[in-house]
Amino acid sequence: MITVNSLSGGKTSSFMAIHFPADHEIFACVEQEAYKYTRETALARNKIVGLNEAQDWIRMFHPGFWMSAEDDLTLVAMHKLTQELGLKSGAGRYGKINVVFAHNWGKTKYKTYDDIVNDFLPNSRKRLCTQVLKIEPLYNYTRSRISKIDPIKMRLGFRLDELDRTVNIFFEIVEIKKRVPNPSFDMQAVINLCKIPDYLVRWWDVMDIEGSVKRGERIFKKVPFNYYNSDYYRVPDFPLIEHGITNKDVVKYWGGRPEYVFPEISNCVMCFHHKIQELQKQWSNPSNWNRMQWAADAEKNKPGRTFKRGKVRNKTIPMSMEYILKLPIQMQMDFIDYASCDSGTCTD
């Protein structure tokens, strides 16, 4: 079976690419149109070492590319990684990593993040951004360039300390008031259908995932990981879990590779998955200010709508980017290990 590493641009998936090379390495890049700058923020971006070279590399895949909604350091890290993997594999000037854009491989009208916010603001209830800007282009590229009929083995950079994420791509959590026991649920049927690897089955047994479904706490997804719509095009593989790799191992490895500089916070800069503290940190980063201002202006164009919602005195309220900017600085926190989107194409 052909192997594909799905890379997010973070430390963990990059660790996977180096230690567990696949037949194909793919990075799905979220494109954003260039936005307003202040003098300070323009200078900050110009000071990022390797950014111009990274953009030149990415323009081999999409000549009109100018900016991503993701941190510039993500692109720099991907460029350095593709060169390293390319030297090992004998790849040409593109390196080993293929960069996939909705501009080339998407089938909807949404080719950039800007296209989406013209219609609506993605949020935790309507997460179309990942679907149309990452998952769909990756699927179309896979079926066009890698395997037209047979499924591929897709590797995700989930670590041993992220076992919950493996569950979340197959099962949804059910609200307490909507839970209905399902005593006839057959976990073995799911294992057979989705080709869940044995090493993961053993952990799921420890976590009592079958019991949680029978109790109605979780439900098997209508479209689980293996499928895109009705096409069974991939089976899962988690080499870091199989080999017992944790965040400690990843941090230790990159501590010895100072030539790689990853962003503190993965995903798109203004992602609604981010905690309040993370968004405040993005506002304070001069090279990301224009992306945060882009999000704030998008909210102004959709009165009453926000990317983010938060709790104040146990009440859920909209939280605009400008509101978050003006909040008192939240407590400092460790930004390394916050799992967000479970699609396998974004977080770390």
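This is a predicted model: local features need pLDDT of at least 70, side-chain atom pairs count only at pLDDT 80 or more; totals for chains, interfaces and linings use all residues.
Helix 14 covers residues 276–283 and helix 15 covers residues 289–300; their axes come within 8 Å and cross at roughly 120 degrees. Helices (H or I, at least four residues) and strands (E, at least two) are DSSP runs, numbered from the N terminus. Axes are lines fitted to C-alpha atoms, for helices over the stretch in contact, with angles running from 0 to 180 degrees between N-to-C directions. Angles under 35 degrees count as roughly parallel, over 145 as roughly antiparallel, 65 to 115 as roughly perpendicular, and the rest as oblique. On the helix 14 side, Leu279, Gln282 and Trp283 make the contact, and they meet Trp289, Met292, Gln293 and Ala296 of helix 15 (contact means heavy atoms within 4.5 Å). Sorted by class, that gives 5 nonpolar residues, 2 polar and no charged. For the classes, Ala, Val, Leu, Ile, Met, Phe, Trp, Tyr, Cys and Pro count as nonpolar, Asp, Glu, Lys and Arg as charged, and the others, Gly among them, as polar.

Helix 3 (residues 51–58) and helix 4 make another packed pair, at an angle of about 70 degrees and with axes 9 Å apart. These two are therefore roughly perpendicular to each other. Helix 3 brings Leu51, Glu53, Ala54, Trp57 and Ile58 to the meeting, while helix 4 brings Asp72, Leu75, Val76, Met78, His79 and Thr82. Here the class count for helix 3 with helix 4 comes to 7 nonpolar, 2 polar and 2 charged residues.

With a relative accessible area of 4%, threonine 74 is buried (buried means under 20% relative accessible area, exposed over 50%, partly exposed in between, using a 1.4 Å probe and protein chains only). Leaving aside residues up to four places away in sequence, threonine 74 touches Ser8, Gly9, Phe27 and Pro263.

Next come the charged pairs. Side chains of opposite charge can pair when their charged atoms come close. Searching the whole structure turns up 20 salt bridges, each one a side-chain nitrogen of Lys or Arg within 4 Å of a carboxyl oxygen of Asp or Glu. One of them joins glutamate 84 to arginine 257, with the closest N and O atoms 2.8 Å apart. This pair links distant parts of the chain, 173 residues apart: glutamate 84 sits in helix 4 (residues 72–89), and arginine 257 in the loop between helix 13 (247–255) and helix 14. Glutamate 84 is buried at 17% relative accessibility, and arginine 257 is buried with a relative accessible area of 17%.

Aspartate 119 and lysine 109 form a salt bridge too, their closest N and O atoms being 2.9 Å apart. Aspartate 119 belongs to helix 6 (residues 113–119) and lysine 109 to the loop between helix 5 (102–105) and helix 6, so the pair ties together parts 10 residues apart in sequence. Aspartate 119 is partly exposed at 36%, whereas lysine 109 counts as exposed at 58%. A further salt bridge brings together arginine 143 and aspartate 231 (2.9 Å, N to O). Arginine 143 is in helix 7 (residues 128–146) and aspartate 231 in strand 10 (residues 231–232), so parts 88 residues apart in sequence are tied together. Arginine 143 is buried at 10%, but aspartate 231 is partly exposed at 22%. There is also a network of salt bridges linking Lys36, Asp297, Lys300 and Glu322.

Strands get their turn as well. Strand 12 (residues 308–312) and strand 13 (residues 315–319) pair in the antiparallel sense over 5 bridges; two strands pair if DSSP finds at least two bridges between them. Arginine 309 has proline 318 in strand 13 as its bridge partner. The two strands form a hairpin with 2 residues between them, and arginine 313 in the turn has a positive phi of about 50 degrees.

Terms used. Residues are numbered from 1 along each chain as its sequence is written. Side-chain values use heavy atoms; hydrogens and water are left out.
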